[in-house]
Amino acid sequence: MIRFVDVWMGYAPGVAALRGVNLRIEKQEFVFIIGVTGGGKSSLLRCIYRDVVPQRGKVFVFRKDVTKMLRREIPYLRRRVGVIFQDFLLLPHKTAYANVAYALEARGAPPRMIKQAVPEVLDWVGLSRKMKALPSELSGGEQQRMCIARALINKPDILLADEPTGNLDPDTSVGIIELLQRVNSRGTTVVVATHDEKVVNRFKNRTVRVEYGRITADRKEGGY
Amino acid sequence: MENLRRNPFLAVTHALQVVISLTVFGFLLLGMAYLGAFFVSLQGMVEVSAFLHTGLTAQDYVEIEKQIGALPGVESIKYVSPEEALEKFGKTYHLDVTEMLGYNPLPPQYILKPSSLKEVEKLAAQVEAIDGVWQVRYGRKEVRTLMKVLLGFQVSFFFTLMILVWATVSSINNIVRLSIYSRRTDIRIMQLVGATNWFIRWPFLFEGLFFGLFGALVAAGFIYLLGEAAIGMLASLRIFLPQVIDLRWLLAVISLLLLALGVSVGFLSSLFTANRFLAGEYRRIEDMRRMDVL
C-alpha cells in the first residue's frame, strides 16, 4: 500500500530530514511512527500525501510513485488519503457538520449524499450531539474527533495522523487512538506519527522508530 | 458571499476600493472625453477664406469653385458675396462701412471647411495659387497652436488613460490578493481534503465578479447622477463650457465602460491572483525537488 525506496528529503540545501528511508506498510496495517521531535516523522507522512517531494528515492502509494505525480493528480490522491493534525486545522467559523461536509463539497459530492453521510460519520466518531457546535465550543478531544470525521468522510484507504494526541490529555489521547483502531478495523490503513510513549506502549502495534531522518527500529508489536 | 458574512470589514473595504477606483476613473474619463470633444469641436471651427479679385465673370466663379472643390481636403465650400460679407461685418462690428467709405470694400469670397486640420496649410497654398484668388486667410498661428494642443492632448490622454487603467486594476488586484490571503487556511484545508484547483478558484472568481459588478454599478450610478446635475449646470455656463458633445450619450458610454471594466477587472484579477497563489504551492514543491540536500 505504501512503500518508501531509498528516500532522501530535506527542506534546506544540505540539511536532510529523511536519509535513505526504506519502508513498507501493508494494506490494513496500523503503524506507529515514533521518534523525537524533528526526527523526520512528519516529513515521512507528508511524503505520502504529496505535501512535500523527496529529492531522491521513490514513494509508492497505491502502487503509484507519488514523487512523479502530476499536479492535477494530487487532489485525487488526497481523497484516498485522509490526514489529521495535532493542531486540527479546522475552519473556526464553520460548525462540526459544515467542517466535515466541506471535505465532501470539495470533491463535488451531491448535497443529498452530504446530508446523509455527514451525520453518519459524526455519529460514528461520537459527535452526533455536537453537529451544530463550532470548533471553539468543543474540547480538544472533540475537535480531534471532528478532524477524524472529516478525514473519514471520503472513505479513505489510508489515514495519516500527525501527532493526533499532541494537544490532548492522556485519557483523551487513549480515546483518540482507540477511535483510530476502530477505523483500522474497518479496513483502513492507519499510520500515526507520535512521540507519546504511553499511547504507543498501551497499544501493541507495529512501531517504526525514525531518528535523524533514518529508520532505526521496526518492531512488529512495538513499544516505545 | 460567505466571506461577506465572515469578514464584513474586508468585504466592505473591498467594495469601497472598487467603487472609489472606478468612480475616480469614470470622472477622469468623463473630463478627458469632454475636453477631447471640445478640441475636436474647435477643429471644426477652422475655416479658410479665399478672397477673390473683383471684376470676375460668372464663368470665372464657376471655374474657381470647380477648382477649389476638386482639391483634396476640402469638406465643404460656400460662396459669400460682397453684400453678404458686408451684412455680416456690419452685424459683427455694428459699423456701416459703405457710409464711411462710400463703397463696399469687401471682395467676394469662398469659405472652405477643411476635412483635417493637418491639411489646412497645404490647402491654403493650393487655393492661393488658383487664378482669380486674391488672398487666402485662415489664422495660421491659431491653427498651428491648436494642432500642437491637440497633439499634446492626444498623447497625454493616451498615457493618462493607461495610468488610470493600471491604477484601477492594481488597486482592485491588491484587495483581491488580500481577500485570498485572508483565506489561506481554507485553501490549505481544501487542498488537503482533495479539492481540485478549479473548486478552490471559483468562489474567488465569483467574488471578484460580484465586487466588480457591484462597484461598477455604484460608480456608474454616481457618475450618472452627478453627470446629470452637471448637464444642468453646463446649460447655465454655456459660454465657459460649450456643450460640444451630447453629455447624456457620453455618460451612458462611460457607465457601460465602467461596467465592462469592473466586471472584467474583478474577474481577471481574481483569476490571476488565485492562480498565482495556487502556483505558489506548486513552485514550492518544484523548488524542493531541485534542492540539493544530500
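A:Y212 is placed in the loop between β9 (206-211) and β10 (214-219) of chain A; helices (H or I, at least four residues) and strands (E, at least two) are DSSP runs, numbered from the N terminus. A:Y212 has a positive phi of about 50 degrees although it is not a glycine. Most residues other than glycine have a negative phi. A:Y212 is exposed, with a relative accessible area of 68%. Here buried means under 20% relative accessible area, exposed over 50%, and partly exposed in between (1.4 Å probe, protein chains only).

This is a predicted model, in which local features need pLDDT of at least 70, side-chain atom pairs count only at pLDDT 80 or more, and totals for chains, interfaces and linings use all residues. Residues are numbered from 1 along each chain as its sequence is written, chains are lettered from A and ligands numbered from 1 in the order in which they are written, and side-chain values use heavy atoms, with hydrogens and water left out.

**Further positive phi values in chain A**

A:K155 is likewise not a glycine and has a positive phi of about 50 degrees. A:K155 belongs to the loop between α5 (140-152) and β7 (158-162) of chain A, and it is exposed, with a relative accessible area of 66%. A:R50, which follows α1(A), has a positive phi near 55 degrees.

**The open sheet of chain A**

Four strands form an open sheet in chain A, in the order β2-β1-β4-β5 and with antiparallel pairing. Because β2 and β5 (64-65) of chain A stand at the edges, each with a single partner strand, one side of each is left without a neighbour in the sheet. Two strands count as paired if DSSP finds at least two bridges between them. Strands of a sheet pair through backbone hydrogen bonds, either parallel or antiparallel.

β1(A) and β2(A) run antiparallel and are joined by seven bridges. Two residues lie between the strands of this hairpin, where A:G14 takes a positive phi near 80 degrees. β1(A) also pairs with strand β4 (residues 56-61) of chain A, in the antiparallel sense and over five bridges.

| Residue | Opposite residue and its strand |
|---|---|
| A:R3 | A:R24 in β2(A) |
| A:A12 | A:V15 in β2(A) |
| A:F4 | A:V59 in β4(A) |
| B:F51 | B:Q109 in β3(B) |
| B:L52 | B:V133 in β4(B) |

**A covered strand and a buried serine in chain B**

Strand β1 (residues 48-52) of chain B is mostly covered, with five of its five residues buried. In a regular strand the side chains alternate between the two faces of the sheet. Both faces of β1(B) are covered, with B:V48, B:A50 and B:L52 buried on one side and B:S49 and B:F51 buried on the other. β1(B) pairs in the antiparallel sense with strand β3 (residues 109-114) of chain B over four bridges. Strand β4 (residues 133-137) of chain B also pairs with β1(B) in the antiparallel sense, over four bridges.

Helix α10 (residues 247-290) of chain B contains B:S269, which counts as buried at 4% relative accessibility. Leaving aside neighbours within four places in sequence, B:S269 is in contact (heavy atoms within 4.5 Å) with B:V169, B:I172, B:N173, B:V176 and B:S264.

**The interface of chain A and chain B**

The contact between the chains takes 35 residues from chain A and 27 residues from chain B. Together the chains bury about 2,800 Å², 61% of it on carbon and sulfur atoms. Buried area is the accessible area (1.4 Å probe) that two parts lose on being put together, summed over both. On the side of chain A, A:Q55, A:R71 and A:Y102 lose the most area to chain B, together 22% of what that side buries.

The rule finds two salt bridges across this interface, a salt bridge being a side-chain nitrogen of Lys or Arg within 4 Å of a carboxyl oxygen of Asp or Glu. B:R188 forms a salt bridge with A:D51, and their closest N and O atoms are 2.8 Å apart.

The elements giving two or more residues to the side of chain A that touches chain B are β1 (2-12), β2 (15-25), α2 (74-80) and α3 (96-106) of chain A. β1(A) provides the largest share of that side, five residues.
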